[in-house]
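Please consider the pockets of the model shown here, and the residues that line them.

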Amino acid sequence: METKIYKNPVIAAKETALTVAKAVNENPGKLFCFAAGDTPMGMLGELVELQKAGKTDLNSVYYAGLDEWLGVGYKDKGSCAQVMWDNFYGSAGILPERINIFDGLTGDPLAEARQMDAWIKQHGGIFFTVLGIGLNGHIGFNEPNTPGSDSCSVVLLDNVTLEASKKYFDTPQTLSKGITINWKTLLEAKEMVMMAMGENKASIVEQSFKGPIDPGVPASLMQRHKNLVLVLDEAAAKE
Ligand code: PGA
């Protein structure tokens with residue numbers, strides 16, 4: 001694992017966007033998977049700027065949405081679909097046929113999981129993923145102790161995640177489940193960047209990467225990844 005520590009989230013976002021753009025430029029046709037939380041938003045915004053400046057062609061690769069809250073869709077401000085379309089896919093002018101995301105409004109979550117499995121397989125697996133780390137160590141909606149699987153998972157959300165959900169939605173939601181690409185599939189990605197910013201992530205970063213691999217701290221499972229780059233700002237790297 002390589003760790004990069006930047007002075008602040010703005011510099012971390014710019015530098016990581018350059019890394020991702022280089023990977024896009026060198027690997028047309030490959031599958032990219034970006035988390036939809038607050039953490040990667042600055043980086044995704046920088047990628048949009050690189051696209052507008054003609055420094056990368058984000059339509060040369062494919063995308064798999066990492067996760068979604070079940071029960072919400074694009075029209076719900078705060079859903080992963082809304083956040084990603086309005087801040088990244090749409091702003092960058094990425095064509096819908098390049099993108100596959102989970103439909104949180106589905107009546108059949110298992111079918112939704114299977115269609116994402118098929119999309120990932122069709123594109124030769126995930127090539128490059130950029131992940132955030134939840135306060136409970138989750139990655140996507142791989143909550144503590146989510147079993148490893150070759151298929152996407154429908155999970156009961158942890159209380160820490162339900163509490164954190166309030167910052168994304170401007171109206172109260174009755175959420176209980178999420179759908180996510182499983183951590184085992186993420187581990188198979190060729191390239192992986194994990195980002196954490198701010199002092200409130202310092203403790204979970206320490207638990208995830210200084211402690212042992214522990215299924216109770218899903219981010220720690222990524223210690224097994226051969227090309228993991230951990231991107232932190234100074235505050236998140238405090239411990
Ligand atoms: P955040 O969420 O980026 O909004 O802090 C991280 C996560 O839950 O993966």
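The lining of the second largest pocket divides into six nonpolar, four polar and six charged residues; here Ala, Val, Leu, Ile, Met, Phe, Trp, Tyr, Cys and Pro count as nonpolar, Asp, Glu, Lys and Arg as charged, and the others, Gly among them, as polar. The model is predicted, with local features requiring pLDDT of at least 70 and side-chain atom pairs pLDDT 80 or more, while totals for chains, interfaces and linings use all residues. Residues are numbered from 1 along each chain as its sequence is written, and side-chain values use heavy atoms, without hydrogens and water.

A pocket is an open set of points on a 1 Å grid over the protein atoms alone, where a 1.4 Å probe fits and protein lies on both sides within 12 Å along at least five of seven lines; lining residues have an atom within 4 Å of a point. Ile120, Gly125, Ile126, Thr185 and Glu188 lie nearest the centre of the second largest pocket, among the 16 residues that line it. Two or more lining residues come from each of α4 (109-122) and β6 (126-131), and α4 gives the most, with three. Helices (H or I, at least four residues) and strands (E, at least two) are DSSP runs, numbered from the N terminus.

The largest pocket has a volume of about 570 Å³. Closest to its centre, of the 34 residues that line this pocket, are Gly37, Asp38, Thr39, Lys167 and Tyr168. A volume is the space filled by probe spheres set on the points, which are joined across faces, edges and corners. By class, the lining of the largest pocket has 18 nonpolar, twelve polar and four charged residues.
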